[in-house]
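Hello,

Here is the structure I promised to pass on. My notes on it follow below.

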Amino acid sequence: MKKATLLLILTFAGTSTAAETNPLSKVYDLMDELVAKINAEGEAEAKAYKEYFDWCDDMSKNAGFEIKTAEAKKEKLEAQIGNLASSITVSVSKIEDLAAAIAADDAELKNATGIRKKENAE
């Protein structure tokens, strides 16, 4: 009887494929597919991370250059502000001198006009 059962099992095993009858091989196939999928996703994520890292690196360099440029421009503008402030001071001084000269000339003109009126009156 044992021989008949063993013969019957071997007969069924020979007629069907090993993948259909062996659930363990199905599990191995699914695991192989899952490993391949995980590896593909890992490669895609690694590529995306590298692109993001490169973008961050580029932005960092650009920001550094922009900061240096802005600092240089700031220094130039501060120097220009200093020059223009001294020019304003000099100009205000000239304006005050000219205003004093105009006032003096007006006083002389009034004085001269007064003298002429007296001379004309005599």
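Lys-74 and Glu-78 sit 4 residues apart in helix H3, so about one helical turn separates them. Helices here are DSSP runs (H or I, at least four residues), numbered from the N terminus. The two residues form a salt bridge, with their closest N and O atoms 3.9 Å apart. That term means a side-chain nitrogen of Lys or Arg within 4 Å of a carboxyl oxygen of Asp or Glu. Lys-74 is partly exposed, at 49% relative accessible area. Glu-78 is partly exposed too, at 46%. (Buried is under 20% relative accessible area, exposed over 50%, partly exposed in between, with a 1.4 Å probe and protein chains only.)

This is a predicted model: local features need pLDDT of at least 70, side-chain atom pairs count only at pLDDT 80 or more, and totals for chains, interfaces and linings use all residues. Residues are numbered from 1 along each chain as its sequence is written, and side-chain values use heavy atoms, leaving out hydrogens and water.

The structure holds 3 salt bridges. One of them joins Asp-54 to Lys-50, at 3.0 Å between the closest N and O atoms. Asp-54 is partly exposed at 31%. Lys-50 counts as exposed at 51%. Lys-61 pairs with Asp-57, at 3.8 Å. These two are also 4 residues apart in H3, about one helical turn.

Phe-53 is in H3 as well, which covers residues 23-121. Phe-53 is partly exposed, at 48% relative accessibility.

Best wishes
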